[in-house]
Amino acid sequence: LRLLLKNNSELATVIVKSPTLLGLSIETNLSPTLDFYSKAIGDDVAIAMLKHGPIFFSYSLDKRLKPRLKDAKRVGMDINEGTLKRIAKYTELRWNITVAK
């Protein structure tokens, strides 16, 4: 987390927003998730998105994020911050309706 944040104040704000981050492994959760978002939308946008909404670290890469990104690309969606937020947050039903359009 310190790599994402400039100072202790930012770190405290992120932890208050999502205290469950303290229980996540850097090697198996935080770093791979940051890499996923960075590769999809670029480092600066990904870091800003994750600082503002650290909940995005909590979604499963293998069960939700990666398969849905593949779906989004398959149907020709523009991959941007909004798309990644929908990939993460939408229910299964809502996601399936979205990619079926």
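Which helix does T33 lie in? T33 lies in helix α2, which covers residues 26–41. The model is a predicted one.

**The chain as a whole**

Start with the overall plan. The protein chain has six helices and zero strands. Read from the N terminus, its elements run α-α-α-α-α-α. The chain holds 101 residues, and buried residues make up 33% of them.

Is T33 buried or exposed? Its relative accessible area is 2%. The cut-off for buried is under 20%, so T33 counts as buried. The side chain of T33 also has a polar partner. One of its polar atoms lies 2.7 Å from the backbone oxygen of N29. What else does T33 touch, leaving aside its neighbours within four places in sequence? It is in contact with F56, F57 and L61.

**The largest nonpolar core**

In soluble globular proteins, nonpolar side chains tend to be buried together. Here, the largest nonpolar core has 23 residues. F36, Y37, L65, L84 and I87 touch the most other members. Several helices give two or more residues to this core: α1, α2, α3, α4, α5 and α6. Of these, α2 gives the most, with five residues. The table places the other contributors along the chain.

| Helix giving two or more residues to the core | Residues |
|---|---|
| α1 | 8–17 |
| α3 | 43–52 |
| α4 | 61–74 |
| α5 | 81–89 |
| α6 | 92–100 |

Look again at I87, one of the core residues that touch the most other members. Leave aside its neighbours within four places in sequence. I87 is then in contact with R64, L65, R68, L69, A72 and W95.

**Where α4 meets α5**

Two packed helices are described by the angle between their axes and the distance between the axes. How do α4 and α5 cross, and within what distance do their axes come? The axes come within 9 Å and cross at roughly 130 degrees. The crossing of α4 past α5 is right-handed.

Which residues meet there? From α4 come R64, L65, R68, L69 and A72. From α5 come T83, L84, R86, I87, A88 and K89. Two residues in this meeting, L65 of α4 and I87 of α5, are also among the core residues that touch the most other members.

How values were computed. Residues numbered from 1 in each chain as written. Predicted model: local features only at pLDDT ≥ 70, side-chain atom pairs only at ≥ 80, totals over all residues. Heavy atoms only, no water. Helix = DSSP H or I, 4+ residues; strand = E, 2+ residues; numbered from the N terminus. Buried < 20%, exposed > 50% of the residue type's maximum accessible area, 1.4 Å probe, protein only. Polar contact = N/O pair within 3.5 Å; in protein donor to acceptor, adjacent residues only side chain to side chain. Contact = heavy atoms within 4.5 Å. Core = buried A, V, L, I, M, F, W, Y, C linked by side-chain atoms within 4.5 Å. Axes fitted to C-alpha atoms, helices over the stretch in contact; angles between N-to-C directions. Left-handed = near helix turned anticlockwise from the far one by under 90°.
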